[in-house]
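Open the model in your viewer and keep the selection panel at hand. Each stop below names what to select, then what is there.

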Amino acid sequence: MDSSYAFLRSSLGFPAEGLGRAEPATRARKSSLKINALLLVLISLATLALVSLWYSQSSSESNDLASSGKPAPWDARVLRASPGKHFRDAIRPDVKYITSWPAAGWTNDVMTMANMIYLGVITERVPILPPFTPSHVLQDGEAWVLPFGEVFDVPRMQKAMNIPILEWHDVKREEDGERDELGCWNIWEVTQHREAFPRYSSIPDYLNLDISYTLAPNWVKLWANVDSDPHATFWSLARLGYSETRDVNLRPPRFSPYNVSLPPDEQLLCYDYLYYVCAQQPYEYTWEYSPAWRFVAQHMHFTRRLERLANFYINRAIGIPDTEHTPAYIVIHARHRDFGDVCGDIPLQDCFAPLSAIARRVQEVKDELFQRKGLVVNHVLMTSDEDDPAWWQEVAELGWVKPDHSRTRQVYGTWYPVLIDAAIQSGAAGFVGTARSTMSVVAARRVAAWQDGAIRYVEWGRPGADDH
């Protein structure tokens with residue numbers, strides 16, 4: 001292994017050897033769960049007393065559980081114990097919670113998590129976040145589920161939002177958790193008229209949850225008579241979290257895989273899938289007003305470890321020492337692989353935007369950064385799923401560079417090319433994305449909000465689509 005990669009792995013907390021089935025950080029965490037559990041048993045009573053005393057001393061501090069940046073083993077306001085074999089052993093009977101399941105590509109699942117947390121905000125419920133599923137990265141190698149907190153800085157997020165945020169491993173042990181029964185709302189079948197089942201996710205099985213779904217009322221849909229749009233609205237879903245509305249909209253639940261029939265749980269509000277949710281119009285993350293972006297997703301910063309890893313890859317790409325300060329750069333996201341299915345009979349070379357169109361957008365970003373901020377940016381990085389060597393040669397001839405992922409999966413795991421690219425995109429002074437790509441949309445929102453950056457999208461789908 002390259003000594004610099006080995007040093008970086010060590011400094012970022014990755015294990016030194018082999019990857020196996022689990023992602024590195026996940027595997028390391030799981031291997032220490034038993035030790036941690038024993039330690040928690042020994043310190044739990046003392047810690048609970050200290051945490052309770054700390055909260056009672058200051059009402060302002062009690063509203064900021066992340067003020068120290070180091071969360072307690074559990075937050076006594078929202079949990080009564082450390083994770084056990086059943087999630088109800090850990091959650092408090094006087095607190096209400098909310099959860100849902102990821103079931104798409106990683107960026108869509110990030111947006112799903114933000115939507116679920118926003119629903120928690122408006123219903124005053126504590127979100128319990130599931131891990132990400134490797135559905136789209138499995139095509140590139142073996143992978144396992146990825147905890148939210150291994151990607152995003154949860155203490156920072158809690159502090160910024162002033163709310164508690166839990167993950168499923170906070171309420172239930174993963175290595176020996178026993179089956180729990182749970183009633184949830186089925187949104188997918190209502191908003192997708194062609195569907196006859198709730199949205200499938202592998203996460204309930206992973207968490208050993210036996211789910212019984214109840215079909216939601218038709219009025220949760222944004223446009224009830226438009227079959228082509230699958231969106232529900234935040235406040236229509238929020239209504240189901242209150243007894244008066246819930247009770248009058250109950251119908252016979254679907255039997256669970258273990259033949260249990262349960263109405264939607266009142267303490268742990270649960271929905272099958274929350275990607276297609278909006279406030280006022282479909283796909284509104286594209287717009288600045290998006291409440292899920294403004295009140296949640298913009299606070300979902302990457303962990304410092306992932307940010308450092310991104311800077312390492314940027315420095316390597318532009319040819320400066322690993323330890324040198326990372327200069328300002330512009331990043332491009334050219335999404336091709338799965339978008340080719342949308343092109344139909346149009347040849348791919350005519351369907352996808354040519355590099356000349358992308359270069360024109362890059363120059364627009366450079367011009368805006370100079371005019372608005374006096375910033376001259378000389379470095380341009382390309383991130384893309386394109387695998388045509390000839391295309392990449394044209395990229396190089398334009399003077400653009402790319403992150404070298406030739407060993408990323410081997411060194412860090414299958415998840416990490418997409419995670420590193422996302423962190424690289426988000427740290428840019430300027431961004432040029434692919435129109436209608438959720439990865440581009442979220443990256444553009446981050447660059448605009450976090451870096452006060454310049455953003456552009458490149459249109460595609462037909463020859464000359466981005467002419468302007």
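Select Cys278: it is buried, with a relative accessible area of 0%. Buried means under 20% relative accessible area, exposed over 50% and partly exposed in between, using a 1.4 Å probe and protein chains only. This is a predicted model, in which local features need pLDDT of at least 70 and side-chain atom pairs count only at pLDDT 80 or more, while totals for chains, interfaces and linings use all residues. Residues are numbered from 1 along each chain as its sequence is written, and side-chain values use heavy atoms, with hydrogens and water left out.

Stay on Cys278. Its place is in strand β8 (residues 277–278). Helices (H or I, at least four residues) and strands (E, at least two) are DSSP runs, numbered from the N terminus. Now show the neighbours of Cys278. Leaving out residues up to four places away in sequence, Cys278 touches Leu222, His231, Ala232, Thr233, Phe234 and Glu284; contact means heavy atoms within 4.5 Å. Draw a distance from Cys278 to Thr233. Their C-alpha atoms are separated by 4.9 Å, although the two residues are 45 apart along the chain.

Next, select strand β9, residues 329–334. Is it enclosed or open? 6 of the 6 residues of β9 are buried, so this strand is largely enclosed by the rest of the structure. Show the side chains. Tyr329, Val331 and His333 point one way from β9, and Ile330, Ile332 and Ala334 the other way. In a regular strand the side chains alternate between the two faces of the sheet.

Strands pair if DSSP finds at least two bridges between them. Strand β10 (residues 379–384) pairs with β9 in the parallel sense over 6 bridges. Look for Val380 in β10, opposite Ile330. Strand β11 (residues 430–434) also pairs with β9 in the parallel sense, over 3 bridges. Here Val331 has Phe431 as its bridge partner, and Ile332 stands opposite Val432.

Move to β11. 5 of its 5 residues are buried, so β11 is largely enclosed by the rest of the structure. Gly430, Val432 and Thr434 point one way, Phe431 and Gly433 the other. Strand β12 (residues 454–458) pairs with β11 in the parallel sense over 5 bridges. Arg456 in β12 stands opposite Val432.

With β11 and β12, α19 makes a right-handed β-α-β unit. To check the hand, point the strands away from you: in a right-handed crossover, the path from the first strand over the helix to the second runs clockwise.

Now turn to another sheet. An open sheet of 4 strands has the order β3-β2-β1-β7, with parallel pairing. β3 (166–167) and β7 (268–270) stand at the edges, each with a single partner strand, so one side of each is left without a neighbour in the sheet. Strands β1 (residues 97–99) and β2 (residues 126–129) run parallel, joined by 2 bridges. Ile98 has Pro127 of β2 as its bridge partner.

Last stop: select helices α13 (residues 304–318) and α18 (residues 416–426). They pack at an angle of about 85 degrees, with their axes 9 Å apart. Axes are lines fitted to C-alpha atoms, for helices over the stretch in contact, and angles run from 0 to 180 degrees between N-to-C directions. Show the contact residues, including Leu309 and Tyr313 of α13 and Leu419 and Ile420 of α18.
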